[in-house]
Amino acid sequence: MVTSPPSVVVVTGVSRYLGARVAARLVADSRIDRVVGLDPHDPPARLRGLLDGVERIRADPRAATEAIAELDAEAVVHLAVTSVPDPAHGGRAGMKEQNVIGTMQVLAAAQGAPKLRKLVVRSSTAAYGASFRDPAVFTEDTEPRAVPRGPFARDILDIEGYVRGFRRRRPEVAATVLRFAPMISLSAETSLTRYFAQPVVPTVLGRDARLQFVHVDDALEVLHRSIVEDHPGTFNVAGSGVLMLSQAVRRAGRVAVPLPETGLSTVASLIRRLGVEQIGLDQIDLFVHGRVVDTTRLVREFGFTPRSTETAFEEFVESHAAGSSLTADRLAAAERAILDGVRRVRAAADSADSKA
C-alpha cells in the first residue's frame with residue numbers, strides 16, 4: 001500500500017548506528033520536509049556527519065510527549081531499543097528503563113499526537129525466544145513455546161504488548177512492527193559481529209544452531225519503506241536461507257571451541273574475556289538453539305526481498321579477513337580463558353555430586 005510520505009518524522013535513538021542511518025536516509029528523501037532526532041545522548045564523532053540536516057533534540061523519552069505534540073509529527077519511528085545491557089548506562093536496569101519504560105513514554109506521546117498517521121517500531125525475532133521446543137520455522141503468528149530467559153527477549157515481548165494496546169486506541173494510525181533477525185554487514189558493529197571477529201569462538205558441545213541474519217542495508221530499506229509507505233502489521237525481516245553455526249565459524253576463518261552446555265554461564269564469561277564485552281543469555285540461547293523465521297509476509301507486502309543470509313555473512317567475512325590471523329598471544333590468552341572455564345564447570349559439577 002502506497003500513500004503520501006509524512007511531512008514531519010520523529011526518530012528516536014539517533015545517537016546509535018541504526019537510528020543515525022535511518023534519519024540520514026529520511027533527510028535525503030525530498031518528499032519529507034522535516035526530520036527530528038530525539039535522543040538523550042550525543043552521537044559519537046563517527047555518526048555526527050550522518051546527522052547533518054537532522055534537527056536533534058537532546059532529551060529522553062519523558063520529554064517525548066511535549067516534543068512530539070509541538071512538532072506536529074506525522075510519523076514516529078521508535079528505534080531507541082537496545083539488545084544488551086551497557087554498564088556505562090546502568091546495566092540491566094538502564095536497559096529496561098530505555099526499552100520498556102522508554103517505549104511506554106514514546107507511545108503515550110504518539111497517542112496524544114493529533115496529526116500522527118504512522119508509527120514504526122523496531123522489534124526483534126528474539127520475540128520468539130529460543131528453546132528445544134521451537135518449530136523449524138517461525139511465522140509472525142507463532143507464539144513462543146517457552147518464556148524467554150534473556151532480558152532482551154522479555155523486553156521485546158513487553159514492547160510489542162504496548163504496541164498492541166496503542167493499535168486498539170489509535171486504529172487509524174498505520175502501526176508497523178519490524179522483527180529483525182540479527183543484523184550484519186561490512187560496517188555494523190554488534191555483539192554478534194564481535195563474537196565472530198574473535199580468533200577463537202566458544203560454542204556448545206553437541207549443538208549446531210541454525211542461524212539467520214539480515215544485512216543492515218536491507219534493514220534500512222525496509223525501515224524507509226515502512227515510513228514513506230503504509231504497511232501496518234507485524235513483519236519478520238531476515239535474509240532467506242540459513243547458516244549452521246559451525247559453517248559460520250569456518251567461513252569466518254575462526255576456530256570453534258566446544259564447551260559443555262552445563263557451562264553456558266561460563267561460555268558467556270569466556271566470550272567477554274575474549275573481547276566481546278556485551279553478550280548475554282539471549283545471544284547464548286540463540287547459539288544453542290538457533291532460530292529461523294519465515295519472511296513471506298514481508299516480501300509480499302513490501303515487494304522487497306532482502307539479500308540472503310549467506311550473502312550478508314560473506315560480506316561481513318570479507319570485511320574482517322585481515323583480522324582472522326591467530327597470533328600466539330591471542331591463542332595463549334584464549335587457551336587460558338578456556339581452561340579456567342572448564343575447571344570452573346568441573347568444580348561446580350563435583351560440588352553438586354558431593355551434595356547429592
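This is a predicted model: local features need pLDDT of at least 70, side-chain atom pairs count only at pLDDT 80 or more; totals for chains, interfaces and linings use all residues.
1. Buried means under 20% relative accessible area, exposed over 50%, and partly exposed in between, with a 1.4 Å probe and protein chains only. Strand 5 covers residues 118-124 and is mostly covered, with 7 of its 7 residues buried. Helices (H or I, at least four residues) and strands (E, at least two) are DSSP runs numbered from the N terminus.

2. Residues are numbered from 1 along each chain as its sequence is written, and side-chain values use heavy atoms, with hydrogens and water left out.

3. Strand 5 has a parallel partner in strand 4 (residues 75-78), to which 4 bridges join it. Two strands pair if DSSP finds at least two bridges between them. The bridge partner of Val76 in strand 5 is Leu119. Together with helix 4 (residues 91-111), strands 4 and 5 make a right-handed β-α-β unit. A crossover is right-handed if, with the strands pointing away from the viewer, the path from the first strand over the helix to the second runs clockwise.

4. Strand 5, helix 5 (residues 151-169) and strand 6 make a right-handed β-α-β unit.

5. Helix 5 has 19 residues, which at 1.5 Å a residue should span 27 Å; its end C-alpha atoms are 28 Å apart, which agrees. The expected span is 1.5 Å times one less than the number of residues. Among the buried residues of helix 5 are Phe152, Ile156, Ile159, Val163 and Phe166. The buried residues of this helix pack against helix 4, strand 5, strand 6 and helix 10 (281-289). Contact means heavy atoms within 4.5 Å.

6. The structure holds 7 aromatic pairs. Rings of Phe, Tyr and Trp (its six-membered ring) pair if their centres lie within 6.5 Å; planes under 30 degrees apart count as stacked, over 60 as edge-to-face and the rest as tilted. Phe213 and Phe313 form a stacked pair, at 5.5 Å centre to centre and 15° between the planes. Phe213 lies in the loop between strand 9 (210-211) and strand 10 (214-215) and Phe313 in helix 12 (residues 309-319), so the pair ties together parts that are 100 residues apart in sequence. Phe213 counts as buried at 1% relative accessibility, and Phe313 counts as buried at 0%.

7. Phe313 also forms a tilted pair with Phe316, at 5.6 Å centre to centre and 50° between the planes. Both residues lie in helix 12, 3 residues apart, about one turn of the helix. At 1% relative accessibility, Phe316 counts as buried. Phe196, Phe213, Phe287, Phe313 and Phe316 form one aromatic cluster.

8. His224 is placed in helix 7 (residues 216-228) and counts as buried at 11% relative accessibility. The side chain of His224 makes a polar contact with the side chain of Asp29 at 3.0 Å. A polar contact is a pair of N or O atoms within 3.5 Å; within protein, one must be able to donate a hydrogen and the other to accept it, and residues adjacent in sequence count only if both atoms are side-chain atoms.
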